Amino acid sequence: MSVVRVLALLLVAAAAVAAPARVAAAGACAAERFTKNRVYAACSDLPTLAASVHWTYDPAASSLSVAFVAAPPSAGGWVAWGLNPTGGGMDGAQALIAAPSSGGGYGVQTYAISGYSLGSPAPIAYKTSDLAAEVGADGRVQMFGKLELANGTGEVNQVWQVGPVSGGSIAPHSMVTANKDARGMLNLLTGQSTAASGGGSVLRKKNTHGILNAVSWGILLPMGGIVARYLKTFKSADPAWFYLHVACQLIGYGVGVSGWATGIHLGNLSKGITYSLHRNIGITVFALGTLQIFALFLRPKKDHKFRPYWNAYHHSVGYTIIILGIVNIFKGMTILQVEQKWKTGYIIAISILGGVAVALEAITWSIVLKRRKTEDKAYNGGASNGQLPLSM
């Protein structure tokens with residue numbers, strides 16, 4: 001046998017071995033078929049319970065068509081799949097559950113799960129349609145549905161579960177490791193599915209990103225602005241107000257840079273998901289904040305002819321950073337879909353700062369007007385006494 005023939009046979013044999021390998025790499029879900037010509041753009045074999053999820057996602061309409069496939073622990077059991085907009089576990093999950101119906105076959109109902117009890121069927125946070133379920137040729141339950149997600153959704157927390165039916169009612173699922181780990185992250189755009197441990201890590205990074213930015217751009221920088229605007233009016237606070245102002249701004253900037261860097265890292269982890277407005281505002285705030293830090297080293301002396309221009313620049317950029325920072329924090333909360341209590345807490349915090357600012361505004365202006373009257377002279381922008389709160 002010639003060398004050419006040997007090589008040809010080897011190539012054929014390699015191709016025969018490689019073909020099944022490629023099919024296996026594509027995932028078992030790729031071979032699953034559904035009735036009524038249901039076809040989905042992507043699928044993922046989930047890491048536990050021998051389950052899989054198929055979906056077609058339209059980002060423009062935020063419309064998700066989904067099929068979930070799993071085998072109940074025993075014949076006539078239930079299967080469930082859902083999204084959790086507030087966390088990575090069962091509490092807060094917006095679930096679809098397929099269970100045997102009284103008329104025969106399987107039916108699908110929605111559950112808004114609170115805590116760790118299933119509760120009764122109820123509408124969920126997403127508008128649903130085309131809900132259906134059936135038993136496939138392999139004996140596994142196939143559940144179908146269509147959900148309308150929030151605008152801009154790209155990555156979601158998913159949960160799935162299987163359990164028995166007892167006396168015609170849904171019974172609790174097993175608490176073995178496979179059931180406890182039936183959760184993770186799903187990127188609807190790239191198709192990447194992350195198991196529970198990885199999903200938890202990403203969620204922690206998102207929470208860290210939110211906390212760092214809320215504390216820095218949303219609390220410390222406004223506090224530093226209040227100190228600079230109002231405490232300088234009190235003679236006894238000079239020059240302590242300046243050092244306190246610088247300390248608030250530098251610490252706030254340092255923490256903010258950490259939050260900004262965390263956001264960049266999260267963006268790299270979520271290829272295909274872009275929150276353009278949130279990202280652009282964040283970049284703007286970071287750039288202006290960095291400019292403010294460098295401008296500190298170029299601050300002219302009080303009697304320098306360029307000092308009024310520097311003051312105007314410093315004040316306008318500073319207030320812009322504070323306003324954009326607060327706006328972007330609320331944008332981030334919307335993206336993270338945080339619980340209302342966190343939004344309420346932050347609203348209370350900035351409301352307190354706003355109330356303090358209003359009170360100090362009235363107090364400092366009254367002090368300035370009294371000084372004007374006592375000294376009987378007009379404000380000239382350069383005197384150390386009777387200066388307006390806006391001066392620097």
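Me: Is Leu-189 buried, partly exposed or exposed?
Reply: Leu-189 has a relative accessibility of 36%, so it counts as partly exposed; here buried means under 20% relative accessible area, exposed over 50%, and partly exposed in between, with a 1.4 Å probe and protein chains only. This is a predicted model, in which local features need pLDDT of at least 70 and side-chain atom pairs count only at pLDDT 80 or more, while totals for chains, interfaces and linings use all residues. Residues are numbered from 1 along each chain as its sequence is written, and side-chain values use heavy atoms, with hydrogens and water left out.

Me: Where is Leu-189 placed?
Reply: Leu-189 sits in the loop between strand E12 (183-187) and strand E13 (193-195), where helices (H or I, at least four residues) and strands (E, at least two) are DSSP runs numbered from the N terminus. Its C-alpha is 7.7 Å from that of Glu-155, although Leu-189 and Glu-155 are 34 residues apart in sequence.

Me: And which side chain does Glu-155 meet in a salt bridge?
Reply: Glu-155 meets Lys-206, at 3.3 Å from N to O; a salt bridge here is a side-chain nitrogen of Lys or Arg within 4 Å of a carboxyl oxygen of Asp or Glu. Glu-155 belongs to strand E9 (residues 155-163) and Lys-206 to helix H3 (residues 196-230), so the pair ties together parts 51 residues apart in sequence. Glu-155 counts as buried at 17% relative accessibility, and Lys-206 counts as buried at 19%.

Me: How many salt bridges does the structure hold?
Reply: The structure holds 4 salt bridges. One of them joins the side chains of Arg-140 and Glu-32, at 2.3 Å from N to O. Arg-140 lies in the loop between strand E7 (127-135) and strand E8 (141-148), and Glu-32 in the loop between helix H1 (3-26) and strand E1 (42-45), so this pair ties together parts 108 residues apart in sequence. Both Arg-140 and Glu-32 are buried.

Me: What about Arg-229, which residue does it pair with?
Reply: Arg-229 meets Glu-361 in a salt bridge, at 3.0 Å from N to O. That pair links distant parts of the chain, with Arg-229 in helix H3 and Glu-361 in helix H7 (residues 340-375), 132 residues apart. Arg-229 counts as buried, at 16% relative accessibility.

Me: Which residues are joined into one network?
Reply: Glu-32, Asp-138 and Arg-140 are, through salt bridges that share partners.

Me: Changing topic, what is the secondary structure of the protein?
Reply: The protein has 7 helices and 13 strands, and 39% of its 392 residues count as buried.
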